[in-house]
Amino acid sequence: MSGHDAQQASATPAAAVPERLRITEIFHSIQGEADAIGWRTVFVRLTGCPLRCVWCDTEYSFHGGDWHGIDEILAEVASHGARHVCVTGGEPLAQKRCLILLQRLCDAGYEVSLETSGALDVSAVDPRVRKVMDLKAPGSGESARNLWSNLDHLLPHDQIKIVIASREDYEWSCAMLAEHRLADRCMVLFSPVWGKVEPRELAEWIIADRLPVRFQLQLHKLLWNDAAGR
Ligand code: SF4
């Protein structure tokens with residue numbers, strides 16, 4: 001085979017293979033948290049996560065799923081007629097092609113958000129995407145995975161979310177808030193772990209300490225008690 005033929009042989013199959021992602025579910029619901037709370041939203045849940053937070057409520061997304069081409073995903077998203085799209089997981093950035101999906105959704109004119117663990121590099125995420133990035137408190141069991149350099153890639157429209165399972169987690173969160181000047185970077189959300197911290201207790205701590213953070217309850221848990229696909 002000539003060098004030219006060899007180039008063609010390797011280029012053609014690659015061009016013919018559509019960009020695909022492993023997807024656990026695509027569903028239409030109400031955004032239950034963060035800045036876009038309350039908006040009708042299409043959720044694209046990517047399969048897989050390299051973390052194992054002890055209070056994780058989406059363990060069903062760790063394995064399985066089906067391969068979907070990006071065009072196919074866009075068509076399904078469009079069929080629901082919503083302006084907001086949330087790419088979530090699992091940890092969506094664990095699949096490299098997630099970056100392409102995010103870009104394509106932005107190009108199509110959607111308000112796009114990304115829910116990410118904070119453990120994987122967010123620097124290449126399309127700047128039009130609103131990142132909702134976790135910082136893992138010690139009670140998650142995954143605090144060592146926080147990639148602190150990610151803080152430098154947050155934009156003012158992004159959000160930092162800390163899920164709090166105990167008073168110790170709350171105190172850790174207060175320390176991080178001060179040490180990394182989190183509230184100067186973007187909105188900071190404190191959210192109680194369902195069944196671990198009384199929501200009212202967390203609200204009262206925030207008030208007592210006059211914190212520059214936004215308290216949030218997960219609306220979808222109140223509405224649907226956390227059923228999959230909701
Ligand atoms: S990062 Fe998210 S999906 Fe992964 S284990 Fe933690 S809570 Fe679950």
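**Exercise 1. Find the place of Arg181, then decide whether it is buried or exposed.**

Step 1: Arg181 sits in the loop between helix H4 (167-179) and helix H5 (182-185). Helices (H or I, at least four residues) and strands (E, at least two) are DSSP runs, numbered from the N terminus. Before going on, note that residues are numbered from 1 along each chain as its sequence is written. Note also that this is a predicted model, in which local features need pLDDT of at least 70, side-chain atom pairs count only at pLDDT 80 or more, and totals for chains, interfaces and linings use all residues.

Step 2: Use the rule for exposure: a residue is buried if 20 or more other C-beta atoms lie within 10 Å of its own, exposed if 12 or fewer, and partly exposed in between, with C-beta atoms placed from the backbone. Arg181 has 10 other C-beta atoms within 10 Å, so it is exposed.

Step 3: Look at the backbone too. Arg181 is not a glycine, yet its phi is positive, about 45°.

**Exercise 2. Describe the backbone and the surroundings of Ala34.**

Step 1: Ala34 lies in the loop between strand E1 (20-30) and E2.

Step 2: The phi of Ala34 is near 65°, a positive value in a residue other than glycine.

Step 3: Ala34 is buried, because 21 other C-beta atoms lie within 10 Å.

**Exercise 3. Which residues surround the ligand, and how do they divide by class?**

Step 1: List the shell: Cys49, Leu51, Arg52, Cys53, Cys56, Thr58, Gly89, Gly90, Glu91 and Ser117. A residue is near a molecule or strand if its C-beta atom, placed from the backbone, lies within 6 Å of it.

Step 2: Sort by class. Ala, Val, Leu, Ile, Met, Phe, Trp, Tyr, Cys and Pro count as nonpolar, Asp, Glu, Lys and Arg as charged, and the others, Gly among them, as polar. The shell has four nonpolar, four polar and two charged residues.

Step 3: Check the record. UniProt, in an unreviewed entry, lists Cys49, Cys53 and Cys56 under "binding site", and the "binding site" annotation in an unreviewed entry also covers Thr58. UniProt positions are given in the numbering used here, feature names are shortened, and annotations may be inferred rather than shown by experiment.

Step 4: Examine two of these residues. Cys53 is in the loop between E2 and E3, and it counts as buried because it has 22 C-beta neighbours inside 10 Å. Thr58 is in the loop between strand E2 (40-46) and strand E3 (66-69); with 18 other C-beta atoms within 10 Å, Thr58 is partly exposed.

Step 5: Finish with the glycines. A cis peptide bond, with omega about 10°, joins Gly89 and Gly90. Gly90 is found in the loop between strand E4 (84-88) and H3.

**Exercise 4. What is the arrangement of helix H2 and helix H3?**

Step 1: The axes of helix H2 (residues 70-79) and helix H3 (residues 98-107) come within 11 Å and cross at roughly 45°. That makes H2 oblique to H3.

Step 2: Here axes are lines fitted to C-alpha atoms, for helices over the stretch in contact, and angles run from 0 to 180 degrees between N-to-C directions. Angles under 35 degrees count as roughly parallel, over 145 as roughly antiparallel, 65 to 115 as roughly perpendicular and the rest as oblique.

Step 3: The crossing of H2 and H3 is right-handed. A crossing is left-handed if the near helix is turned anticlockwise from the far one by less than a right angle, and right-handed if clockwise.
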